Amino acid sequence: MSFAPIPSPAPDQIPGENHNMPLITNPNYSMDAPTLRTQASEVADSEFPTTQEKEPSPPPTTVIHPSPGPYSTPQDDLMEYNAFHLPESFEYRVLGISSEHLRHNVLERAKQEWQRARNFSVIIVPFYMSFSLTQIQKAKTNTTIFLKRAFPGSQGTLTVIPAAKAMDQQGEEPLPWGIMIAGLMYCDAATLLHHQFWLSKAFCFVAYPTTPFISTWIGNWAFAMNENDKPTVIECLKSNLANAHTKIGKYLHTKIPDAAEHLFVIESAKVQPINVIKQNSEATHWAFTVDSPHPTDANQHKQWITAAEATVWYHAEIATGELCNPRNTCKCCKGKDHVSARTVIWPARTPIQIG
Ligand SMILES: [Zn+2]
């Protein structure tokens, strides 16, 4: 497999970077893009035009089924903008982010503009970008170069719409960071969402749908279990979901009385070990993901998360888990399941450093 190493960001690009911070590894990551699936199931495939050109003036069709597609990597003097081919086994998904999260501190008029964007569109979050005019100008230029060479079919129609902030915000990394890409060909938008991570020497970003989406991540828990104990941990998650006497089980039984729907939620449960190294000692935390019973309602979804956090995750073999959510959002990909100082992803044997 040919895979060029991802350049590590210079330490001065990451405020507060500390090389003793926890390391995150994600071996065998397996999530079938639930965070990106959004409302896809509500729209029949037949509603999608087969070719973008045949639609005279398409209404804003925003639902996109993520699927792999081609992208080009021209051999010219801008090769540093060529997208790296991520290995097949690279299945990492950003966890803990929602469409609401992408719109924090975005000007109301800008949000309306986003909504009106011509199909097909995605929102990208460039790595390490805090909102500032210089950054946004640089990101706009980089985005345009990257996308036009990777997706020549969309070259003539795509527009890059930078975020507009609603108010000045203090802090290490003021929002917003999202840039909307509108006017893509359907297949290009689907490809962008499928891989989610787009890495090149010059510019790296994460792609999100513009349609409402809610994370499947319900929290990280620490158990006296290592990576080899995955089957037991998943059993713990599923049995507590199915048990009407646990906080989360009770919530699920009450809100989703339909047995089949209920089972569907339980069966969607996945766990992912996260190796955390803190002060020279290593521990395994487990990220729990389950399809939300409220995939379109952020407020109800919060109650579901509250129930998850109040649950005593008990299993006879592993006793109980302890909630271990990172305190801050990852500065790099904006995920909430891991810290930002160093996000190292290990697809198969090829480590890919993304942050
Ligand atoms: Zn991250």
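Okay, so one term before we start: a residue counts as buried when its relative accessible area is under 20%. Keep that in mind, and keep in mind too that what we're looking at is a predicted model.

Let's begin with the metal. Which residues hold the zinc ion? On the protein side, the donors are Cys 330 and Cys 333, each through SG, and His 338 through NE2. They sit 2.1 to 2.3 Å from the zinc ion. If you read along the chain, the donors follow the spacing C-x2-C-x4-H.

Is His 338 buried or exposed? Its relative accessible area is 0%, so His 338 is buried.

Cys 204 has a relative accessible area of 16%, so it counts as buried. Cys 324, at 18% relative accessibility, is buried too, because the cut-off is 20%.

Okay, on to the rings. The structure holds 14 aromatic pairs. One of them is Phe 120 with Tyr 186: the ring centres are 5.1 Å apart and the planes meet at 80°, so we call this pair edge-to-face. Where are these two along the chain? Phe 120 is in the loop between helix H3 and strand S1, while Tyr 186 is in helix H5, so the pair ties together parts that are 66 residues apart in sequence. Both Phe 120 and Tyr 186 are buried.

Here's another pair, Phe 223 with Phe 288, and this one is stacked, with 6.0 Å from centre to centre and 20° between the planes. Again, distant parts of the chain get linked: Phe 223 is in the loop between strand S6 and helix H6, Phe 288 is in strand S8, and they're 65 residues apart. Phe 223 and Phe 288 are both buried.

There's also a cluster linked by ring pairs, made of Tyr 71, Phe 146, Phe 151, Trp 198, Phe 203 and Phe 205.

Last stop, back to strand S8, the one with Phe 288 in it. Strand S7, residues 270-278, pairs with S8 in the antiparallel sense, over nine bridges.

Note on methods:
Residues numbered from 1 in each chain as written. Predicted model: local features only at pLDDT ≥ 70, side-chain atom pairs only at ≥ 80, totals over all residues. Heavy atoms only, no water. Donors = N, O, S within 2.8 Å, 3.2 Å for Na, K, Ca; no water. Buried < 20%, exposed > 50% of the residue type's maximum accessible area, 1.4 Å probe, protein only. Phe/Tyr/Trp six-rings, centres within 6.5 Å; stacked < 30°, edge-to-face > 60°. Helix = DSSP H or I, 4+ residues; strand = E, 2+ residues; numbered from the N terminus. Pairing = 2+ DSSP bridges.
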